[in-house]
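Subject: Structure handover

Hello,

Here is the structure I promised you. Please open it and keep it beside this email while you read.

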Amino acid sequence: MNYFLYVAFIFMSYCAQAQNFSGNYNQIINIDDGGVIVYELTLNPAGRFEFHFYRKLICKICKEENQYGKGTWRQEGKYIFFTTESTDLNENYTLDFTNSKARFHKSETNLLFTKSNISWIEKKQLAKL
């Protein structure tokens with residue numbers, strides 16, 4: 001009986017930790033000329049994530065851009081590790097977050113990407129909504 005309670009406690013602690021960090025994170029950059037850049041990340045409690053990058057610049061040759069990524073995430077201390085499997089990639093979801101790592105910066109509300117094969121995501125800080 002004690003073993004069962006111990007296992008249940010560990011499982012509930014793990015779920016509670018994952019739920020603390022799960023949620024929606026974003027950064028919105030409004031540009032003076034009316035353009036906008038948006039980074040959105042959703043960490044689901046079940047260990048899945050989705051990422052959306054949106055950019056709309058104001059110029060004659062510019063066009064709206066949308067890029068998406070998805071996969072799994074896991075927490076180790078204050079770090080979040082991301083993995084994208086080949087089955088997560090398709091014509092819409094093209095960003096591969098494998099080898100990406102983020103940590104909570106200054107509080108549990110700011111997630112800072114410290115490593116990624118996606119060069120423009122490194123050093124990007126997203127705030128929890």
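First, a term: strands (E, at least two residues) and helices (H or I, at least four) are DSSP runs, numbered from the N terminus. This is a predicted model, in which local features need pLDDT of at least 70, side-chain atom pairs count only at pLDDT 80 or more, and totals for chains, interfaces and linings use all residues. Residues are numbered from 1 along each chain as its sequence is written, and side-chain values use heavy atoms, with hydrogens and water left out.

Start at Leu-41. This residue sits in strand 2 (residues 36–43). Leu-41 is buried, at a relative accessible area of 1%. Buried means under 20%, exposed means over 50%, and partly exposed lies in between (1.4 Å probe, protein chains only).

Next, the pairing. Two strands pair if DSSP finds at least two bridges between them. Strand 2 and strand 3 run antiparallel, joined by eight bridges. Leu-41 has Phe-51 as its bridge partner in strand 3. Ten residues separate Leu-41 and Phe-51 in sequence, yet their C-alpha atoms are 4.5 Å apart in space. The two strands form a hairpin with four residues between them, and Gly-47 in the turn has a positive phi of about 95 degrees.

Strand 3 also runs antiparallel to strand 4 (residues 65–76), again with eight bridges. There, Phe-49 stands opposite Gly-71 of strand 4.

Now look at the other end of the chain numbering. Strand 7 (residues 100–104) and strand 8 (residues 110–115) are antiparallel and share four bridges. Ala-102 is partnered with Phe-113 of strand 8. In this hairpin, five residues lie between the strands, and Lys-106 takes a positive phi near 70 degrees. Strand 8 also pairs with strand 9 (residues 125–128), antiparallel, over three bridges. Leu-111 has Leu-126 as its partner in strand 9.

What do these parts build? A nonpolar core is a set of buried Ala, Val, Leu, Ile, Met, Phe, Trp, Tyr and Cys residues joined through side-chain atoms within 4.5 Å. The largest one has 21 residues, and Leu-41, Phe-82 and Phe-97 have the most contacts inside it. Strand 2, strand 3 (48–56), strand 5 (79–83), strand 7 and strand 8 each supply at least two of its residues. Strand 2 gives the largest share, four residues.

Finally, contacts, meaning heavy atoms within 4.5 Å. Not counting residues up to four places away in sequence, Leu-41 touches residues including Phe-51, Phe-82, Phe-113 and Leu-126. With that exclusion, Phe-82 touches Leu-41, Phe-97 and Ala-102, among others.

Best wishes
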